Amino acid sequence: MTMTAGPAVTPESSSWATWLASRVPIDLEALRHFSNEPVPNHLKYWWWCLGGTPALLFGVQAVTGILLTVYYIPDAGSAYESVDRLTTVIPFGWFIRSIHRWASHLMIAAVILHVMRVFFTGAYRAPRELNWMLGVLLLAVTLGFGFTGYSLVWEQLSYWGVTVAANLTDAVPVVGGVMGRMLRGGESVGSNTLTRLFILHIGVMPTLLTLLLAGHILLIRLHGVTEFEFESPDKAPDEAARTYPFFPHHAMTEVIIGVGLAFALTCLAVIFPAELAEKANPLETPAHIKPEWYFFWTFRWLKLTSLTFAVLSIGFAGFLALIWPYIDERLRRRNTASEASVYVGAVAVVVLLVLTIWEAMASS
Amino acid sequence: MTLDEKRWVVAALSFMFLGALLIVAWVEGGRQRVQPEAAPVVAGESARCYDCHAEQTPVIATQWAGSEHARLGVGCFECHRAIESDADGFLHEGQLIATIATPKDCQSCHADIVDEFDRSHHSRAAEFVGSLDNVLGEIVEGRLAAVNGCWQCHGSPVRFLETADGEVQRDSDGKPMLDPQTWPNTGIGRINLDGSQGSCSACHSRHAFTTKMARQPEVCGKCHMGPDHPQIEIFEESKHGIAFRTQIDEMNLDAETWVLGEDYSAAPTCSTCHMSATPNQPITHDVGARISWTLRPVVSTKLENWEPKRNAMKDTCNQCHAPDFVDAFYVTFDDSIEMYNEKFAIPAQNVMAALREADLLTPTPFDEEIEWTFFRLWHHEGRRARMGVSMQGPDYTQWHGFFEVAENFYTHFLPQAEEIGEGTASVEAVFEEIRAMPEHLWREGMSPEQRAEIDAFYQERYGAVPR
């Protein structure tokens with residue numbers, strides 16, 4: 001039997017590099033080529049780099065989340081007390097928890113902005129439809145992270161938020177009842193529910209997000225970053241002028257964003273540290289309660305419509321978002337200059353903003 | 001932006017980030033620095049005590065170090081110092097000290113509290129030598145039953161071990177040796193060697209002396225429990241006890257002041273009703289200051305000055321209940337105690353008096369069965385019934401109380417008395433009086449219709465009639 005040769009090791013290579021190269025036979029040249037594709041010039045501006053921001057924040061969440069899990073107790077009788085202890089007794093516990101909380105807000109905001117940027121620039125169009133769908137799923141998982149995360153604190157918002165979510169699940173036709181019981185772990189919200197939320201938050205969702213993210217990045221690399229279309233190809237500058245190298249130029253931009261985020265998160269954690277509201281009390285329905293800001297629109301929509309209609313309409317809207325590249329393709333097949341997607345997007349944004357602001361301004 | 005410019009931005013942001021982390025460390029340091037502020041103040045002579053006892057008796061030192069005393073600089077020597085005239089004083093490491101800290105020691109800082117305590121029944125709890133309880137404990141059961149039982153709650157006189165010629169025995173260091181039967185003792189009415197009565201540590205356990213502990217019912221439950229005065233059990237079954245147990249987190253037990261309705265409102269404890277402050281009255285260490293009946297003797301009586309005492313208790317009740325609610329409770333409470341007195345206690349007492357007058361009983365207590373039966377009737381069952389009513393414990397009022405009183409009275413006490421008094425006219429006259437009382441006429445028998453009604457109930461509910 002013959003063995004294939006590993007990557008070339010130059011005579012100058014150090015002994016450990018030689019050892020490593022023979023044990024991990026990766027073609028470094030190919031890797032360098034794969035990871036260092038030229039990226040379009042517009043990525044020099046940070047607002048075009050929002051796709052990388054949630055990934056950086058996910059890293060922050062993974063590290064701080066693991067640290068929080070050291071002290072967090074996923075039991076209805078102890079969860080709130082363990083978060084209280086984390087916040088008030090454990091050294092730097094308040095800081096880690098505050099970073100985790102603020103990073104979650106920023107991550108959701110960054111994902112939403114990234115989705116909007118991709119949508120309004122038409123970057124989801126063929127051949128990138130699948131990546132758009134992965135992106136929509138990533139948005140859903142990120143929102144799920146937010147929901148399960150604040151539920152684990154087991155304060156009044158947690159308990160009643162889960163109660164509303166479970167009631168919403170019940171309202172899904174046919175399978176709602178079974179799904180609602182599965183979410184609650186029985187007939188009522190309690191320790192079984194908390195265990196499920198904990199498993200979702202620290203096990204299922206991180207795995208799902210990692211897989212989706214890996215697929216998302218892989219497809220970006222395979223397709224390349226979307227470039228601006230020019231009215232006529234002859235007006236487009238050549239590739240060298242249109243792009244710049246990923247390493248080190250764009251990587252350095254991501255480093256700037258990363259360090260800037262670290263600074264911003266630290267300032268937010270110190271100035272607005274995570275607090276603890278009243279403990280969950282199943283016997284006391286709060287008079288004034290609201291979900292986190294990113295669910296304001298759903299909460300207002302629930303108030304305006306019936307439970308079943310709200311569930312079905314939100315589900316349908318999510319489905320439309322998921323398959324939008326194919327709807328857009330149909331529209332553009334009839335009229336290649338169609339800007340329908342911009343109008344639809346603008347209406348969707350306005351509706352969501354109005355619902356969100358309406359709920360934010362409501363006293364209860 | 002050129003690559004170099006980006007590098008500068010990264011460097012600047014990194015410095016800003018590090019600066020922010022320094023602020024985080026400073027904030028965290030501030031949180032940690034809260035701890036040293038609560039460090040014990042070990043001053044004067046106590047410093048030497050603490051240094052040594054932190055090694056020799058670390059638990060005691062730690063308990064004290066976490067106490068309010070420690071925070072205020074009240075150390076070992078302040079409480080354990082002795083004067084020349086103290087019989088139990090002895091030289092220890094160059095200081096004259098005494099083992100037992102008494103209310104006289106506490107009085108130097110807590111004069112008002114000790115005065116209140118001196119007026120209370122608690123301070124006289126050891127004065128039960130002439131009681132039947134004492135005869136039972138010390139003689140009938142045996143002295144050590146009293147030493148380890150009765151005295152641990154009531155307290156006892158503290159005594160020295162003495163030599164054959166009456167001198168106080170001392171150990172090799174010259175320390176006077178206390179009689180092991182009288183010390184250790186945290187009975188609340190302990191009679192101390194300096195003449196004071198009481199033990200503050202009965203409720204404020206040494207050496208932490210927390211008010212939090214004294215505010216909780218478990219402290220009272222050490223003694224106020226069991227077959228003859230089950231206050232803790234009654235409290236636990238009452239709505240008051242349920243509210244306390246289920247809402248203990250909202251009791252604010254650590255609060256410096258503990259005024260009902262201001263510092264807490266979730267539930268009452270023993271302390272709330274009998275001692276603690278309301279917006280209208282201050283805290284008192286005279287536990288009888290709000291009690292209007294005595295529920296301990298054979299026949300209950302209202303206490304001296306019972307009306308102001310009841311008003312003080314009503315003020316506490318009124319913090320949580322409407323006045324009508326409280327008044328209605330007191331109507332049925334008074335009526336229930338009167339019913340116990342009239343129906344069972346006075347008749348039984350009259351029977352026992354008639355038997356003694358007729359010389360049918362010996363003067364020695366507990367040498368005849370009926371004396372045990374009678375004792376159980378009022379001292380155990382009768383108290384349970386009365387205390388059950390007073391603290392709103394339904395099961396203690398009925399099944400552990402009046403049911404057992406009635407069962408004893410009709411099936412044990414009266415048959416035993418009738419057997420002893422048979423043929424003695426003076427005693428039989430008392431029996432006749434009892435039989436003629438409307439409360440006891442039910443024994444003449446019920447009508448067939450009444451019996452049929454009961455049978456029908458059981459038939460319908462359980463499918464069978466108990467026979």
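Me: Let's start with A:W154: is it buried or exposed?

Reply: A:W154 is buried, because 27 other C-beta atoms lie within 10 Å; a residue is called buried with 20 or more other C-beta atoms within 10 Å of its own, exposed with 12 or fewer, and partly exposed in between, the C-beta atoms being placed from the backbone. Please keep in mind that this is a predicted model, in which local features need pLDDT of at least 70, side-chain atom pairs count only at pLDDT 80 or more, and totals for chains, interfaces and linings use all residues. Residues are numbered from 1 along each chain as its sequence is written, and chains are lettered from A and ligands numbered from 1 in the order in which they are written.

Me: And where does A:W154 sit, and what is its phi?

Reply: A:W154 is in the loop between α6 and α7 (156–170) of chain A, and its phi is near 60°, a positive value in a residue other than glycine. Helices here are DSSP runs of H or I with at least four residues, strands are runs of E with at least two, and both are numbered from the N terminus. Most residues other than glycine have a negative phi.

Me: Which residues have the most contacts inside the largest nonpolar core?

Reply: A:W154 is one of them, together with A:L57, A:I99, A:A103, A:M107 and A:L265, in a core of 59 residues. Such a core is a set of buried Ala, Val, Leu, Ile, Met, Phe, Trp, Tyr and Cys residues joined through C-beta atoms within 7 Å. Helix α5 (residues 93–120) of chain A gives the most to this core, with 13 residues.

Me: What is A:L265 in contact with?

Reply: Leaving aside its neighbours within four places in sequence, A:L265 is in contact with A:V60, A:I99, A:W102 and A:A103, where contact means C-beta atoms, placed from the backbone, within 7 Å.

Me: Switching topic, how many residues of each chain are in contact at the A–B boundary?

Reply: There, 17 residues of chain A are in contact with 16 residues of chain B. On the chain A side, helix α11 (residues 246–271) gives the most, with 13 residues, and by class that side has twelve nonpolar, four polar and one charged residues. In this scheme Ala, Val, Leu, Ile, Met, Phe, Trp, Tyr, Cys and Pro are nonpolar, Asp, Glu, Lys and Arg are charged, and the others, Gly among them, are polar.

Me: What about chain B itself, how many helices and strands?

Reply: Chain B comes to 20 helices and four strands, and buried residues make up 30% of its 467 residues.

Me: Which residues of α8(B) meet α9(B)?

Reply: B:D133, B:G137, B:E138 and B:E141 in α8(B) meet B:R143, B:A145, B:A146, B:G149 and B:C150 in α9(B). By class, this contact has three nonpolar, two polar and four charged residues.

Me: Last one: where does B:F366 lie, and what is its phi?

Reply: B:F366 lies in the loop between α16 (323–357) and α17 (369–390) of chain B, and its phi is near 65°, again positive in a residue other than glycine. With 14 C-beta neighbours inside 10 Å, B:F366 counts as partly exposed.

How values were computed. Contact = placed C-beta atoms within 7 Å.
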